[in-house]
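The sequence and structure are shown first.

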Protein chains: 2
Amino acid sequence: MTDERIELAPIGRVESPLTDPAAAPKQGDEGAPDAWLVLDTDVVAGLDGIKTDDEIIVLTWLDRAQRDILGVHPRGDISRPSQGVFSTRSPDRPNPIGLHRVQVAEIDGERLRVHRLEALDGTPILDLKPVLSANVSER
Amino acid sequence: MTDERIELAPIGRVESPLTDPAAAPKQGDEGAPDAWLVLDTDVVAGLDGIKTDDEIIVLTWLDRAQRDILGVHPRGDISRPSQGVFSTRSPDRPNPIGLHRVQVAEIDGERLRVHRLEALDGTPILDLKPVLSANVSER
């Protein structure tokens, strides 16, 4: 990695019943609960156009991950051979950005409730994006 | 946004024939060319397990984007009403992280050639992740 540094600022936080990394589901579709995305007031204008039932992509900062690891046993299963982190979804990686595809259940001002999010309570949110239609004319 | 700052370091760079933001395709499946992902030598071990033909997700830092914009006309089309940036894929947003799903065409040490990437030449790479199987037992 180069000496270049890039600076991000969270746009909000996750509020979730999940607090224990060891007990949290590894992916949203593996039994994760609903969670709230709580945006900072100065970026709320960026939500305009997001509607209930939309599928969105949430990028988070996995602030409890280790950044100095390049090889892991997939899914923490030591019976599986170690692989490079870039071929796994391990939170441990040089830039631990979480990628979550979720559906919007409810919007209340700067708060969005989403279904099945595996991020832990307090996780910083970096960005939200729409899931793109496969049809270019609908983008 | 809070005063909290998060520091990332690029893991590599994009080498692409695309150099002009105005002329670049907006998404990979809109006519983007092949490009090389050139990883820094100290993170190459993280590639172990990635194979030719794999579909991967590339996260980039869109270093030519504007970060102080919360509303845009989708696809730069001023005939469309302005929307919040989080409901669009505009590069202009508070944390301009690019999300690209591509297929690996060739691996040569720390260099990966991928199909149809719309990122510009020189774009910093932040992370690589596998596309997950819908089948949990195959993860």
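Between chain A and chain B of this predicted model, the count of salt bridges is 10. In one of the salt bridges, the side chain of A:Arg139 meets that of B:Glu30, with an N to O distance of 2.7 Å. Polar contact across the interface of chain A and chain B involves 32 residue pairs, with both residues at pLDDT 80 or more.

Several strands of chain A each supply at least two residues of the side that touches chain B: S1 (6–8), S4 (55–61), S6 (83–84), S7 (97–108) and S9 (124–130). Strand S9(A) gives the most to this side, with 6 residues. Classified by residue type, the side of chain A that touches chain B holds 27 nonpolar, 17 charged and 10 polar residues.

In terms of extent, 54 residues of chain A are in contact with 54 residues of chain B. The two chains bury about 5,300 Å² between them, and carbon and sulfur atoms give 57% of this area. Of the area that chain A buries against chain B, 15% is supplied by A:Ile6, A:Phe86 and A:Arg139, more than by any other three residues. A:Arg139 is also the residue that forms the salt bridge with B:Glu30.

A search of the whole structure, over all chains, finds 0 aromatic pairs. Arginine residues do, however, lie over the face of tryptophan rings, as tabulated below.

Notes:
Residues numbered from 1 in each chain as written. Chains lettered and ligands numbered in written order. Predicted model: local features only at pLDDT ≥ 70, side-chain atom pairs only at ≥ 80, totals over all residues. Heavy atoms only, no water. Phe/Tyr/Trp six-rings, centres within 6.5 Å; stacked < 30°, edge-to-face > 60°. Lys NZ or Arg CZ within 6 Å of the ring centre and 35° of its normal. Contact = heavy atoms within 4.5 Å. Buried area = accessible area lost by both parts, 1.4 Å probe. Salt bridge = Lys/Arg side-chain N within 4 Å of Asp/Glu carboxyl O. Polar contact = N/O pair within 3.5 Å; in protein donor to acceptor, adjacent residues only side chain to side chain. Helix = DSSP H or I, 4+ residues; strand = E, 2+ residues; numbered from the N terminus. Nonpolar A, V, L, I, M, F, W, Y, C, P; charged D, E, K, R; others polar.
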